[in-house]
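Open the model in your viewer and get your selection tool ready. We'll go from stop to stop, with a look at what is there each time.

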Amino acid sequence: MSVALLIILLAAACALLLGLAARRGHDMDLEQWSVGGRSFGTMFVFLLLAGEIYTIFSFLGASGFIYGHGAGAYYILAYLTLNQVIGYWLLPLVWRTARREHLVSQPQFFVRQYGSPALGILVAVIAVAAMIPYVVLQFTGLGIIVSIASDGAMSRAEAVWLGAAIVTTYVMISGLRGAAWNAVIKDVMILVTVVFLGTYLPVHYYGGIARMFRAIDHAKPGFLAFPTHGNSVIWFQTTVLLNAMGGFMWPHVFSSTFTARGERILRRNTVIMPLYSLMLLFVFFAGFAAILQVPGLQGASIDLALIKLCAQTFPPWFVGVIGATGLLTALVPGAVLLTAAATMLANDLYRAGVSPAASNAAVTRLARALVPAIAAVAVFFALRGGATIVAMLLMGYNLVTQFFPAVVFSFTRRNPVTSQGAFCGILGGTAAVTALTLTNTSLAEMLPFLPASLRDMNIGLAALILNGAVTAIVSAATRPRLAAQEADGMGV
Amino acid sequence: MLLGSAVPFLGMLGGIGFVNHAAPFVLGLPLPLAWITIWVVLTFAVMAAIYALDPANRAAPGVDPSSAPRQ
């Protein structure tokens, strides 16, 4: 057995033990299992929210996207920053509602704000659908990193199964607490690894970061700026805007704001977070370093760029450490996502839609039982392969961003959006995203009359515009009745 | 202050069209990446200023900030 594989397996064993030990001293009722009993301090709220920045997506996905598409990947740094600006204003409002109404999940937020159980069920279905590709990409990345780091000693399929088994086991037993313990170690490891790789690789291969960029600009002119077609400037602008709006709409991120002690903590977090996301620059540097050193990767294989470069640069034991870091980086978000998805299916679909009389204990049992099922679905898609990591995340973002208008309007003093309007708008927007993604249609094909400058617009933003239009029309049609009722009620 | 929050959006997204070529390299970075990086730092500065000015963050400890009038 190779040294690298040994180190990776050791890390896997540690992650499992740590996840299992997290249970000690806690009765795993629904609230403990799904939101850690609302007892996490400031530090962990920060890690939960910051954890979004450092998933396997930023490690392999961002560097792979740099390798394959160059400038396009800059969008990640831009949206993570602008997302926080929106969060500064939005998160305190969400937090206040959650505290007032004792919410534990995102669909409940919609149920309370719009007084519509049907809307909650719709949101739960879409949220779970959006989270599946997010889990899939964690498993895909895990398979890539372990199989290459172990130099083929463990196949990609074996690695995906192993990772899924570990994360399923500790999530079933310890819930979100299992992830909490691993998250701390993971964030430290990934930070150190990323800064080291982003500095060492450019210096080792090119003699410095500035020289590396000059070498790439010379070898591939135009690669460092946005192209005229494809990932163009308009693609960048619309994608950043869309993802900035969608960032806090992920159900697991949305509900992690519930765990904060006060709203000032949330504002402070959003102010600091842009500086934390600057670490992505080092991921970019590592991805750029791979361009001229491991040429020839195409299609979904671009995600392999960073780890392939590491494998040919470092001794096996160090490749093992990088592989172990990658493993943790996939397991932690995987656990958070599985917990949130299972909780929503059990609480917001089964209890809200099928069996309102179900006890907390029954819902917890069901949520736990659903974990391996969701993991199995994700493994299936991860093994089928095909899409790049970034493509999978972009699709998830396109779906969850459809919640944004309804969330924002729910905070206006006299919400012009009715529950019917929100329902139809979200349904229309997500239907458009799904149809366009499944048929792989670009806007240019669908709307050939669009001026060339707008053709690369992100389809999610187009769907959001449709969503807004439907919401406005249906709200206008259903509002007068509501206003009349309200007026009656107030005796005006 | 809400208007101040629009500045990072205008800067990062609006300005990108004017700096979309690799050269000149700024601090070794290609211009679009340097532009975005500078705006990440500026966003931090803008939001830190807003945080300092926002009356919601100045409520005395113990006072429920959600009951303080805003806007």
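Start by selecting A:His102: with a relative accessible area of 63%, A:His102 is exposed. One thing to keep in mind as you click around is that this is a predicted model. A:His102 sits in the loop between α5 (74–101) and α6 (106–114) of chain A. Check its backbone too: phi of A:His102 is positive, about 55 degrees, although the residue is not a glycine.

Now step to A:Glu101, which is partly exposed at a relative accessible area of 26%. Which residue does A:Glu101 form a salt bridge with, the closest N and O atoms being 3.6 Å apart? That partner is A:Arg100, and A:Arg100 counts as exposed at 53% relative accessibility. A:Arg112 has 39% relative accessibility and so counts as partly exposed.

For another salt bridge, select A:Asp187 and A:Lys186, whose side chains meet at 3.0 Å, N to O. Buried or exposed, what are A:Asp187 and A:Lys186? Both are buried. Then pick A:Arg96, A:Glu263 and A:Arg267 together: salt bridges that share partners join these three into one network. Over all chains, a search of the whole structure finds five salt bridges.

The charged end of A:Arg267 sits over the ring of A:Tyr88, 6.0 Å from the ring centre. You can find another such arrangement at A:Lys220, whose charged end lies over the ring of A:Phe223, 4.3 Å from its centre.

Time for the aromatic rings. The count comes to 26 aromatic pairs over all chains. Take A:Phe196 and A:Tyr200: their ring centres are 5.3 Å apart and their planes are at 15 degrees, so the pair is stacked. Where do A:Phe196 and A:Tyr200 lie? Both are in helix α9 (residues 176–206) of chain A, four residues apart, about one turn of the helix. Each counts as partly exposed, A:Phe196 at 34% relative accessibility and A:Tyr200 at 31%.

A:Phe196 belongs to helix α9 while A:Phe314 is in the loop between α15 (305–313) and α16 (316–354) of chain A, so the pair ties together parts that are 118 residues apart in sequence. A:Phe314 is buried, with a relative accessible area of 11%.

There is also a whole cluster to highlight: ring pairs link A:Phe65, A:Tyr75, A:Tyr79, A:Tyr134, A:Trp235, A:Trp250 and A:Tyr397.

Last, switch to chain B. How many helices and strands are in chain B? It has two helices and zero strands. Of its 71 residues, 45% are buried. The accessible surface of chain B is about 3600 Å², with 76% belonging to carbon and sulfur atoms. Finish on B:Leu27, in the loop between α1 (6–14) and α2 (31–53) of chain B. B:Leu27 counts as exposed at 83% relative accessibility, and its phi is near 55 degrees, a positive value in a residue other than glycine.

Definitions and conventions:
Residues are numbered from 1 along each chain as its sequence is written. Chains are lettered from A and ligands numbered from 1 in the order in which they are written. This is a predicted model: local features need pLDDT of at least 70, side-chain atom pairs count only at pLDDT 80 or more; totals for chains, interfaces and linings use all residues. Side-chain values use heavy atoms; hydrogens and water are left out. Rings of Phe, Tyr and Trp (its six-membered ring) pair if their centres lie within 6.5 Å; planes under 30 degrees apart count as stacked, over 60 as edge-to-face and the rest as tilted. Buried means under 20% relative accessible area, exposed over 50%, partly exposed in between (1.4 Å probe, protein chains only). A charge sits over a ring if NZ of Lys or CZ of Arg is within 6 Å of the ring centre and within 35 degrees of the ring normal. Accessible areas come from the Shrake-Rupley method with a 1.4 Å probe; for residues, only the protein chains shown count as cover. A salt bridge is a side-chain nitrogen of Lys or Arg within 4 Å of a carboxyl oxygen of Asp or Glu.
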